[in-house]
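Dear colleague,

I am passing on a structure for you to look at, and my notes on it follow directly below. Please read them with the coordinates open beside you.

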Amino acid sequence: PRHLLSTADLTPAELTTLVRNAHRHKDDVKSGTGEIPHSLRTALAGRTVAMTFSKRSTRTRVSTEGAVAALGGIPMFLGKDDIQLGVNESLYDTAIVLSSMTAAIVARVGPHSDVADLAKHSTVPVINALSDLYHPLQIIADFLTIAEVYPSGSTNSLGLEGLKIAWIGDANNVLFDLAIGATKLGVDISVATPKGYEIPEEMRGVIDQAATTTPKAGRLFETTVPEEAIKDADILVTDTWVSMGQEEETAKRLKAFEGFQITSELAKRGGAKENWAFMHCLPRHPEEVSDEVFYGPRSVVFREAENRLWAALSALEAFVVNKGRI
Ligand code: CP
Ligand code: NVA
């Protein structure tokens, strides 16, 4: 089966289609017919989707369960204390057993190798619900959000080429996949991290590789100065400075990231575009973004969170219902 482990698994055209399908389902349900197409409503009838989550989740869990239900299936949430995985049973055995009984596996893991191993041995599609390297469902929702904020009117592309994202904060899983997606969609991305927290060399290679998939690739810039990244940016983005699993480094990280909090003052000093928008995958902590930005008029964070539902629906449609034919 075809799996969705990272945005790198998608061609630029496929990523575009996933975002457009998410957009269409959202429009149909919220302002059109009130429903997703009839053929999809029963697409997973009588089937289950296993959701093996070794970490907490609000958005990914609720959006995936909602999307499975919308397709007529039954989501089966399997938290780390519910099943034998990792304690009493190997990934290999678990992958074989789960895939013999379910339509798909949606997995949130620590090391990316865990979800890659599940995929290797699973006979049903595996969707990465966040690993330490990637978060593809978030990226589909993020580009849907960007497409809503900067609508293009183009019928066969998202029309985002030439936009600039500024990422201010940690070089983490969400950034890696966002950078891959931006590159593929022709969006420039400027990343400011403190010294010592830069994008790892190997990941830079993956992002460079994404740039070879399209003649109109977006460019990646890196700096340790937030103002430099912000110059002329259309979208300012950040995420927690302490990802799940890094809790022991909290004090060290909070110190290292001093000066990286996104505030209106920083956006102005850095010279962001006049109508810059603010995004954050959530959950959010006040240290990385001020209340005045997070709850302010430029923030689209709650629209972005809702878009996780439409992204999950689009990904399940493509990878589970249509078996990876996008
Ligand atoms: N953005 C995101 O993945 O949120 P959850 O951890 O709540 O799923
Ligand atoms: N970078 C964060 C994202 C949470 C959705 C983490 O991995 O904890």
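**Ligand 2**

A nitrogen atom of ligand 2 has a polar side-chain atom of Ser243 at 2.7 Å, which is a polar contact in the sense used here (a pair of N or O atoms within 3.5 Å; within protein, one must be able to donate a hydrogen and the other to accept it, and residues adjacent in sequence count only if both atoms are side-chain atoms). A polar side-chain atom of Asp239 likewise lies 2.7 Å from a nitrogen atom of this ligand, while an oxygen atom of ligand 2 is found 2.8 Å from an N or O atom in the side chain of Asn173. Ligand 2 exposes 270 Å² when taken alone, and the protein buries 95% of that, with accessible areas coming from the Shrake-Rupley method with a 1.4 Å probe (for residues, only the protein chains shown count as cover). The residues around ligand 2, each with a heavy atom within 4 Å of it, include Leu130, Asn172, Val174, Thr240, Met244 and Leu282.

**How to read the model**

The model is a predicted one, in which local features need pLDDT of at least 70 and side-chain atom pairs count only at pLDDT 80 or more, whereas totals for chains, interfaces and linings use all residues. Residues are numbered from 1 along each chain as its sequence is written, chains are lettered from A and ligands numbered from 1 in the order in which they are written, and side-chain values use heavy atoms, with hydrogens and water left out.

**Ligand 1**

Among the residues that surround ligand 1 are Ser57, Thr60, His135, Gln138, Cys281, Leu282 and Arg308. An oxygen atom of ligand 1 lies 2.6 Å from a polar backbone atom of Thr58; polar side-chain atoms also approach oxygen of this ligand, from Arg59 at 2.9 Å and from Arg108 at 2.8 Å. Of the 250 Å² that ligand 1 exposes when taken alone, the protein buries 96%.

**Domains and sheets**

The protein is divided into domain 1 (7-134 + 308-321) and domain 2 (138-304), with bounds that come from an automatic or database domain assignment. Their C-alpha centres lie 24 Å apart, and 26 residues of domain 1 are in contact (heavy atoms within 4.5 Å) with 29 residues of domain 2.

One open sheet has 4 strands in the order β2-β1-β3-β4 with parallel pairing, where strands are DSSP runs of E with at least two residues, helices are runs of H or I with at least four, both numbered from the N terminus, and two strands pair if DSSP finds at least two bridges between them. Its edge strands, each pairing on one side only, are β2 (74-79) and β4 (126-128). Strand β1 (residues 48-53) is joined to β3 (residues 104-108) by 5 bridges, and Val49 stands opposite Ala104 in β3. Helix α5 (residues 112-121) lies across β1, β3 and β4, running at about 165 degrees to β4; axes are lines fitted to C-alpha atoms, for helices over the stretch in contact, and angles run from 0 to 180 degrees between N-to-C directions.

Another open sheet, of 5 strands, has the order β7-β6-β5-β8-β9, again with parallel pairing, and its edge strands are β7 (220-223) and β9 (277-280). Strands β5 (residues 164-168) and β6 (residues 188-192) pair over 5 bridges, with Ala166 opposite Ser190 in β6. Helix α6 (residues 136-149) lies across β5, β8 (235-238) and β9, at about 165 degrees to β9.
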